[in-house]
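I set out to record what I looked up in this structure, entry by entry. The notes follow the order in which I consulted it.

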Amino acid sequence: REPSAAVCRRAPQGQHARVVWHAAVADQNRVAHMADEVLGYKMADGMSAAIKSFQLRGSAGDAMVIRIVHSSDELQIEESCEGLSSIEDLAEKIEDAIEPRYLLFIHKQSHTDGRVSYPIAFVVFMPPNVPASLKMMYTRLVPALVEKFRVAKQFSLSDPEDLTTEWLEEKLAGR
């Protein structure tokens with residue numbers, strides 16, 4: 001397989017500061033900040049805008065790898081990729097992960113009637129041997145993230161080698 005012409009960016013560690021809530025914050029500011037929260041986990045600065053841009057302007061092969069930063073109870077985009085040649089390229093990025101990750105991937109799906117669609121796949125990657133506390137932390141957020149990311153369904157995965165085009169198309173088709 002030829003190398004992908006994908007462009008991936010890793011988020012610098014410790015770049016995002018935690019927002020401290022004060023009782024004196026006006027209600028309108030509180031509502032704005034809560035929109036960037038999911039079940040008590042703050043979304044890193046700029047993450048909501050990046051997700052929205054991904055949903056509206058992303059194209060086939062674009063992906064995001066999202067993690068929870070435990071020390072700050074924050075959701076953070078760990079890596080953002082444009083133009084991956086296949087979902088297998090995304091699998092390579094998570095094959096050494098020892099903690100769970102949320103994956104968003106825009107897949108080009110060709111239908112038998114000639115139509116082409118670009119569904120966003122939301123995959124919850126849960127490596128084997130993850131402590132129960134981490135499993136609970138990541139799975140607890142899934143329903144809220146499905147709503148936040150505006151995806152129709154989510155899929156679970158424990159082995160990166162299973163993350164193939166065939167697997168994804170079967171899942172998207174409901175098989």
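**Entry 1: helix α3**

I looked up helix α3 (residues 87–94) and found six of its eight residues buried, so the helix is largely enclosed by the rest of the structure. Here buried means under 20% relative accessible area, exposed over 50%, and partly exposed in between, with a 1.4 Å probe and protein chains only. Helices (H or I, at least four residues) and strands (E, at least two) are DSSP runs, numbered from the N terminus. I listed the buried residues of α3 as Ile87, Glu88, Asp89, Leu90, Ala91 and Ile94. Their cover includes β4, β6, β9, β10 and α5, where contact means heavy atoms within 4.5 Å.

**Basis of the entries**

I note that this is a predicted model, in which local features need pLDDT of at least 70 and side-chain atom pairs count only at pLDDT 80 or more, while totals for chains, interfaces and linings use all residues. Residues are numbered from 1 along each chain as its sequence is written, and side-chain values use heavy atoms, with hydrogens and water left out.

**Entry 2: the chain as a whole**

I counted five helices and 10 strands in the chain. Of its 175 residues, 40% are buried. Among contacts with a separation of 6 or more, 64% come from residues 24 or more positions apart. I recorded an accessible surface of about 10000 Å² for the chain, with 50% of that belonging to carbon and sulfur atoms; the areas come from the Shrake-Rupley method with a 1.4 Å probe, and for residues only the protein chains shown count as cover.

**Entry 3: strand β9**

I then turned to β9 (120–125). Six of the six residues of β9 are buried, so this strand is largely enclosed by the rest of the structure. Which residues of β9 point one way, and which the other? Ile120, Phe122 and Val124 point to one side, Ala121, Val123 and Phe125 to the other, and all are buried. In a regular strand the side chains alternate between the two faces of the sheet.

I checked the neighbours of β9 next, taking two strands as paired if DSSP finds at least two bridges between them. β6 and β9 run antiparallel and are joined by six bridges, and Tyr102 has Val124 as its bridge partner in β9. With β10, β9 pairs in the parallel sense over four bridges; there Phe125 stands opposite Leu157. β9, α4 and β10 make a right-handed β-α-β unit. Right-handed means that, with the strands pointing away from the viewer, the path from the first strand over the helix to the second runs clockwise.

**Entry 4: aromatic pairs**

I searched the whole structure and found four aromatic pairs. Rings of Phe, Tyr and Trp (its six-membered ring) pair if their centres lie within 6.5 Å; planes under 30 degrees apart count as stacked, over 60 as edge-to-face and the rest as tilted. Tyr102 and Phe122 form a tilted pair, at 5.8 Å centre to centre and 40 degrees between the planes. This pair links Tyr102 in strand β6 to Phe122 in strand β9, 20 residues apart. Tyr102 is buried at a relative accessible area of 0%, and Phe122 is buried at 0%.

For Phe155 and Trp167 I noted ring centres 6.2 Å apart and planes at 80 degrees, so the pair is edge-to-face. Phe155 lies in strand β10 (residues 154–157) and Trp167 in helix α5 (residues 165–172), so the pair ties together parts that are 12 residues apart in sequence. Phe155 is buried at 7% relative accessibility, as is Trp167 at 14%.

**Entry 5: helix α2**

In helix α2 (residues 47–57) I found Met47, Ile51 and Phe54 buried. Why do the buried residues of α2 line one face of the helix? Seen down the axis, they fall within an arc of 60 degrees, so they line one face; the arc is that of the directions from the helix axis to the C-beta atoms. On the other side of α2, Ala49, Leu56 and Arg57 are exposed. The elements against which the buried residues of α2 pack include β3 (41–43), β4 (63–69) and α4 (132–149).

**Entry 6: positive phi**

Most residues other than glycine have a negative phi, and most peptide bonds are trans. Leu39, not a glycine, has a positive phi of about 45 degrees. Leu39 sits in the loop between β2 (37–38) and β3 and is partly exposed at 46%. Arg150, likewise not a glycine, has a positive phi of about 55 degrees. I located Arg150 in the loop between α4 and β10, exposed at 61%.
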